[in-house]
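Good morning, everyone, and thank you for making the time. Please have the sequence and the model in view while I talk, and I will go slowly from one part to the next.

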Protein chains: 2
Amino acid sequence: MKEDFKPYYAVIFTSTQNENVEGYSDMAEKMETLAKQQKGYLGMDSARNTVGITISYWESLEAIKTWKQQTDHLVAQQKGRQDWYSWYKVKICKVEREYEFNK
Amino acid sequence: MKEDFKPYYAVIFTSTQNENVEGYSDMAEKMETLAKQQKGYLGMDSARNTVGITISYWESLEAIKTWKQQTDHLVAQQKGRQDWYSWYKVKICKVEREYEFNK
């Protein structure tokens, strides 16, 4: 663990989708581009098999709140609940420490 | 948000694998079975495309530490570094709040 580690935040978004997800991947791409432009954005990890997992990383809880309420993102969230997701769960987490392996 | 929400912990494990991952899926299955038997284990989410994401959920930091040092798990970790992973990162997180959508 680095001595100078500064805690940051992670939003874990797990979801299952409906069979018809027309328009989803375009929107997901747009939202990723938009998230990257937000203040306090640190990065994102994403993978989907049966369950989809998207984790976004942020400098502060305030940055997460601002992103949650961003206008275009609100539209995407609404569309997600209406058309694409059968279930999702959001977890707001504080990253307290981390370590890495590189071969 | 539920009033009685009790914080818990998440271990975010992101990784990239080598081309040859012989023996990996058997070991992953074994480790999942074993994790479920650990004290303080709460659940797991997993998906892999380019990057693999496995998140395990735990009652406490102590439960995470005990699992990290579990004998068979230590063997799996060693094997992972030697044979399967080209890179991985582990983040220890405190889940501070969560919410869910169900259609």
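Let me begin with a word that I will need throughout: a residue is called buried when its relative accessible area is under 20%, and exposed when that value is over 50%. Please also keep in mind that what you see is a predicted model.

With that cut-off in hand, take W58(B), which has a relative accessible area of 0% and is therefore buried. Its aromatic partner is W67(B), and the two rings are stacked, with 6.2 Å from centre to centre and 25 degrees between the planes. W67(B) counts as buried too, because its relative accessibility is 9%.

W67(B) brings us to helix α2 of chain B, residues 61-68, where A63(B), I64(B) and W67(B) are buried. Why do these residues lie on the same side of α2(B)? They cover an arc of only 100 degrees around the axis, and that puts them on the same side of the helix. If you turn to the other side of α2(B), you will find E62(B) and K65(B), which are exposed. As for what covers the buried residues of this helix, the list includes the strands β1 (8-17), β3 (52-58) and β4 (85-102), together with the helices α1 (24-36) and α3 (71-84), all of chain B.

Let us now move to chain A, where helix α2, again residues 61-68, contains I64(A). This residue counts as buried because its relative accessibility is 11%. Leaving aside residues up to four places away in sequence, I64(A) touches Y9(A), V11(A), W58(A) and I92(A). By contrast, if you look for W84(A), 20 residues apart from I64(A) along the chain, you will find that the C-alpha atoms of the two are separated by 22 Å.

Y24(A) is buried because its relative accessibility is 19%, and W84(A) is buried because its value is 3%. Both belong to one aromatic cluster, formed by F13(A), Y24(A), W84(A), Y85(A), Y88(A) and F101(B).

The size of an interface is often given as the accessible area lost when the parts come together. Here chain B and chain A bury about 3,500 Å² between them, 55% of it on carbon and sulfur atoms. In chain B, the residues that lose the most area to chain A are Y99(B), F101(B) and K103(B), together 19% of what that side buries. The contact takes 39 residues from chain B and 39 residues from chain A.

Which element gives the largest share of the side of chain B that touches chain A? It is β4(B), from which 18 residues come.

Finally, how many salt bridges are there between chain B and chain A? The count is four, and K91(A) forms a salt bridge with D45(B), in which the closest N and O atoms are 4.0 Å apart. Across the same interface there are also 21 residue pairs in polar contact.

Definitions and conventions. Residues are numbered from 1 along each chain as its sequence is written. Chains are lettered from A and ligands numbered from 1 in the order in which they are written. This is a predicted model: local features need pLDDT of at least 70, side-chain atom pairs count only at pLDDT 80 or more; totals for chains, interfaces and linings use all residues. Side-chain values use heavy atoms; hydrogens and water are left out. Buried means under 20% relative accessible area, exposed over 50%, partly exposed in between (1.4 Å probe, protein chains only). Helices (H or I, at least four residues) and strands (E, at least two) are DSSP runs, numbered from the N terminus. The arc is that of the directions from the helix axis to the C-beta atoms. Contact means heavy atoms within 4.5 Å. Rings of Phe, Tyr and Trp (its six-membered ring) pair if their centres lie within 6.5 Å; planes under 30 degrees apart count as stacked, over 60 as edge-to-face and the rest as tilted. Buried area is the accessible area (1.4 Å probe) that two parts lose on being put together, summed over both. A salt bridge is a side-chain nitrogen of Lys or Arg within 4 Å of a carboxyl oxygen of Asp or Glu. A polar contact is a pair of N or O atoms within 3.5 Å; within protein, one must be able to donate a hydrogen and the other to accept it, and residues adjacent in sequence count only if both atoms are side-chain atoms.
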